[in-house]
Amino acid sequence: MLHTAIAIVVVVLLILVTRVDPVIALVVGSLYLGLTGGLGFDGTIKAIAGGFGDIMAEVGLLIGFGVLLGSLLHSMGALRKLVELLIRGLGPRKIPHVLGVVLSTIFPSIYVDVQLVLAAPLARAAAPRMGRDGLAMMGGALTAGILVGYVFVVPGLGTVAIAGLLHLPLGTMLVYGFVLGPITVVLTMLVYGWLLKRGFWNAAKDEVADVIPLEAEETEEPVRTRLPLAVSLLPIVVPLLLIATGAITEAAGVGSSVLAFLGDPVFALFVGLLGAYLPARRTLGRERVAESMTKGFNSTGQILLITGVGGSLGAVIGKTGLEDVLGGFFSAEAGVPVVVTILLAWLVAAVLHLAIGSISVAAITAAGILAPIMGGLDVPPAVLGLAIGSGALFALHVNSNFFWMFQTMLGVTTRGALKALTFVTALASVVSLVLVSALSFVV
């Protein structure tokens, strides 16, 4: 236990203090733990390589297909068109809650940066029509929608990584996350809106004066044809329906190899990728599609590496026998209530996020730490995964690149970003923790 704690602290300090890349820091922590935990040189390397390979077999293709799909949707401007339609149809006052739910469900965060780049200009354009706290409300909607989707809703990369590390069926995570995510967003926005009405936001101090207008990203419209919005959304909607159908039929005990094949997450996301690629080739042309795919390939490598080494750390922890030690503390026989176990899982991920500044790294590291002892815990695996995602969401702040992107693109001060981003993620994390704890009593 002591060496595991030291390994985790070393990983955190390397990333936070010395600014070492998370991939290197996680490998260093894995090496230290393997050598001090009695695995030996050969056993440590085998555990690291084996853990990497195991997690790649679980989620490698899912992440690759998901990132490429997100890149193509970005190029086609699907999200921009959807948000513009919502603003016209619902009016500016209703848009924050709807936008938050849409960002967390229909467009769960494959690319959090892309979602921010696309939605922030539209949020700023709608804010003046919403009254005194319009910018604050739209900032909270972006925060809750983008980041809650990232940790709860498939194919959000945080969700996929947690599911892979804990060996959870992606269909199960889809069902739970598709319910928990929107509820978290709505409740968070209601509480945040209530606080705004009571003077939580000070435009003079929280907004940047005379900010240069930020135009919504322009996507070149197809020369040969213009895709209807419904068609643009199919590449993300169809895979979600396929995965959900597979999960429902499996839960209902319907044995069908065809349905199992169609509902397999790898096949479903490939269908989505193909459904985005073919229209993109037709509407954008080969050169722009090639550029979009190249960007996706570049991002995929980094995401796969950090996800893989997160699996390596979990594999090393498993080999050291920590499962038996910690399992004795947190198992049902030890008398630890389920809610306490959920709180501990949430706390591990929350502390890691506060220290490291990355939701994905915190989620992956926490899942890697807890995966080896999951079998000894009296908590449903899906609930444990949701608790980790909830904790990893807690209080995104100044040690994250996303914080500074948010501040600049939304046109708020650092103080404003701490309210509309850091506070809202902390609020959403606590709200979702309550929901996850309640869920543990019914599953």
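Modeller: The questions below concern salt bridges, helix packing and the surface of this predicted model.

Biologist: Let us begin with charges. How many salt bridges are there?
Modeller: The count comes to four salt bridges.

Biologist: Which side chain does R415 meet in a salt bridge?
Modeller: R415 pairs with D206, at 2.7 Å from N to O. R415 lies in helix α20 (residues 414–439) and D206 in helix α10 (residues 203–206), so this pair ties together parts that are 209 residues apart in sequence.

Biologist: Are those two buried or exposed?
Modeller: R415 is partly exposed, with a relative accessible area of 36%. D206 is buried, its relative accessible area being 0%.

Biologist: And what about K419, which side chain does it meet?
Modeller: K419 forms a salt bridge with D206, and the N to O distance is 2.9 Å. D206 lies in helix α10 and K419 in helix α20, so the contact ties together parts that are 213 residues apart in sequence. Both D206 and K419 are buried.

Biologist: What do D206, R415 and K419 form, taken together?
Modeller: They are linked in a network of salt bridges.

Biologist: Turning to R132, what is its salt-bridge partner?
Modeller: The partner is D133, and the closest N and O atoms are 3.4 Å apart.

Biologist: Is R132 buried or exposed, and how does D133 compare?
Modeller: R132 counts as exposed, because its relative accessibility of 59% is over the 50% cut-off. D133 is buried, because its relative accessible area of 13% is under 20%.

Biologist: A change of topic: helix packing. How do α5 and α7 cross?
Modeller: Two packed helices are described by the angle between their axes and the distance between the axes. For helix α5 (residues 95–105) and helix α7 (residues 134–152), the axes come within 7 Å and cross at roughly 20°.

Biologist: Parallel or antiparallel, then?
Modeller: Roughly parallel, because the angle is under 35 degrees.

Biologist: Is that crossing left-handed or right-handed?
Modeller: α5 passes α7 in a right-handed crossing.

Biologist: What are the angle and axis distance for α5 and α9?
Modeller: α5 and α9 pack at an angle of about 155°, and their axes are 9 Å apart. An angle over 145 degrees counts as roughly antiparallel, so that description applies to α5 and α9. The crossing of α5 and α9 is right-handed.

Biologist: Staying with α9, where does L187 lie?
Modeller: L187 lies in helix α9, which covers residues 170–196. L187 is partly exposed, at 34% relative accessible area.

Biologist: Which residues form a nonpolar patch on the surface with L187?
Modeller: The patch is formed by V179, I183, V186, L187 and L190. Together these residues have about 380 Å² of accessible area.

Technical notes. Residues numbered from 1 in each chain as written. Predicted model: local features only at pLDDT ≥ 70, side-chain atom pairs only at ≥ 80, totals over all residues. Heavy atoms only, no water. Patch = residues over 30% accessible without salt bridge, like charges linked within 9 Å, V, L, I, M, F, W, Y side chains within 5 Å. Areas by Shrake-Rupley, 256 points an atom, 1.4 Å probe, with all protein chains shown as cover. Helix = DSSP H or I, 4+ residues; strand = E, 2+ residues; numbered from the N terminus. Buried < 20%, exposed > 50% of the residue type's maximum accessible area, 1.4 Å probe, protein only. Axes fitted to C-alpha atoms, helices over the stretch in contact; angles between N-to-C directions. Parallel < 35°, antiparallel > 145°, perpendicular 65-115°, else oblique. Left-handed = near helix turned anticlockwise from the far one by under 90°.
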